[in-house]
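Okay, thanks for coming, everyone. Let me put the thing up on the screen and then walk you through it.

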Amino acid sequence: MQEVNSRLNSAVGGITYSAAVLFFAVVSLVVSLIISLSGLEQGSDGYLYLSYLISPVAIGGCVTAILFWKKTPFKSVFPVKCNFKYYIIGILLAYGLLFSLGWVNTLSVEFFKLFGYQPRESGSYLPDLSGGYVALALLVIAVLPAFCEELLFRGVLLNACENGMGSIRAVFTVGFCFALFHGSPEQTVYQFIAGCVFAFVAVRSRSVTPSVLMHFINNALIVILGACGLYGEGGEMVISSAANIALNVTSALALAGGLVWLILDKKPLESCRKGGVKSFYLFASVGIAVLALSWFLSLFGVA
């Protein structure tokens with residue numbers, strides 16, 4: 001990122017990740033109590049909105065605590081200025097990721113089904129999207145996660161990891177942490193790829209705003225397409241064959257073009273420091289263990 005903050009290192013990154021998981025667990029418990037006391041039914045709009053708010057609230061509390069503890073200014077982990085070309089690259093990559101890698105989720109689901117995994121219907125993830133409710137859904141499902149998750153993963157974590165383990169290792173580590181944090185077996189591979197791409201854009205641009213835009217576009221398009229009734233019961237796009245071919249071809253070209261443009265960028269990368277990788281995973285082990293257990297429980301329908 002802009003100037004890697006000297007107060008942030010791999011150990012702080014690992015502590016931050018474990019703390020984020022613990023914050024998430026506490027907020028989840030509080031939300032569960034609210035749902036239980038209010039009598040909200042699973043799958044209802046109120047239930048879904050409260051579920052979506054768990055992550056932003058937990059991340060906001062965690063990041064605030066970490067930055068206060070390390071006496072680190074917010075702007076040092078959330079730089080906003082960058083060359084305009086990175087926004088163009090971000091838009092290309094967001095479009096490419098969402099529409100050209102749908103087969104990754106499909107393949108993942110089919111693979112996990114071999115172990116008894118039963119995915120939820122796509123409609124159960126979205127609240128009522130009729131009329132003005134779309135705006136509320138966009139705020140809770142697209143705006144808040146884009147800002148809060150990027151603040152944690154491409155802000156604090158990427159800064160801390162890059163300062164200890166170098167840029168390339170940091171990109172893959174943040175991608176891994178991002179995918180595991182979401183706890184969705186069927187989307188793990190896609191989220192790992194997306195998490196790495198978002199991190200790589202942040203490393204090249206030395207800013208978080210392009211990845212915030214990419215994250216928002218990804219989530220917002222899902223909401224908008226759902227509101228337009230363009231998703232079938234299995235989560236597939238309900239469009240003509242010709243439109244589907246055009247979408248796949250153009251999105252694949254956008255993804256390839258954006259990645260090549262990014263790879264050819266001449267911005268320097270941070271080098272790895274001795275012990276940086278080990279330090280991160282040592283302190284992140286609590287969070288990783290909790291999330292890995294939750295992931296396996298979800299895979300077998302227990303969670």
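Predicted model: local features only at pLDDT ≥ 70, side-chain atom pairs only at ≥ 80, totals over all residues.

Numbering runs from 1 along each chain as its sequence is written, and side-chain values use heavy atoms, with hydrogens and water left out.

By nonpolar core I mean buried Ala, Val, Leu, Ile, Met, Phe, Trp, Tyr and Cys residues joined through side-chain atoms within 4.5 Å; buried is under 20% relative accessible area, exposed is over 50%, and partly exposed is in between, with a 1.4 Å probe and protein chains only. The largest one has 66 residues, and Tyr17, Leu93, Leu97, Phe153, Leu157 and Phe181 have the most contacts inside it. Helix H6, residues 133–165, gives the largest share, 11 residues. Helices here are DSSP runs of H or I, at least four residues, numbered from the N terminus. There's also a second, separate core of 11 residues, with Tyr49, Val134, Ala142 and Ala220 among its members.

Have a look at Tyr17: leaving out residues up to four places away in sequence, the residues it touches include Phe153, Leu157, Phe181 and Ile288. Contact means heavy atoms within 4.5 Å. Ser55 sits in helix H2, residues 45–69, and counts as buried because its relative accessibility is 9%.

Now, how many salt bridges does the structure hold? It's 4, taking a side-chain nitrogen of Lys or Arg within 4 Å of a carboxyl oxygen of Asp or Glu. Asp265 and Lys85 make one, at 3.5 Å, N to O. That pair links distant parts of the chain, 180 residues apart: Asp265 is in the loop between H10 (241–263) and H11 (276–299), Lys85 in H4 (85–100). Arg154 and Glu150 pair at 2.6 Å; they're 4 residues apart in H6, so about one helical turn separates them. Arg154 is buried at 0%, and Glu150 is buried at 0% too.

Last stop, the surface. Leu114, in the loop between H5 (102–113) and H6, has 68% relative accessibility, so it counts as exposed.

That's my tour, so over to you.

How values were computed:
Helix = DSSP H or I, 4+ residues; strand = E, 2+ residues; numbered from the N terminus.
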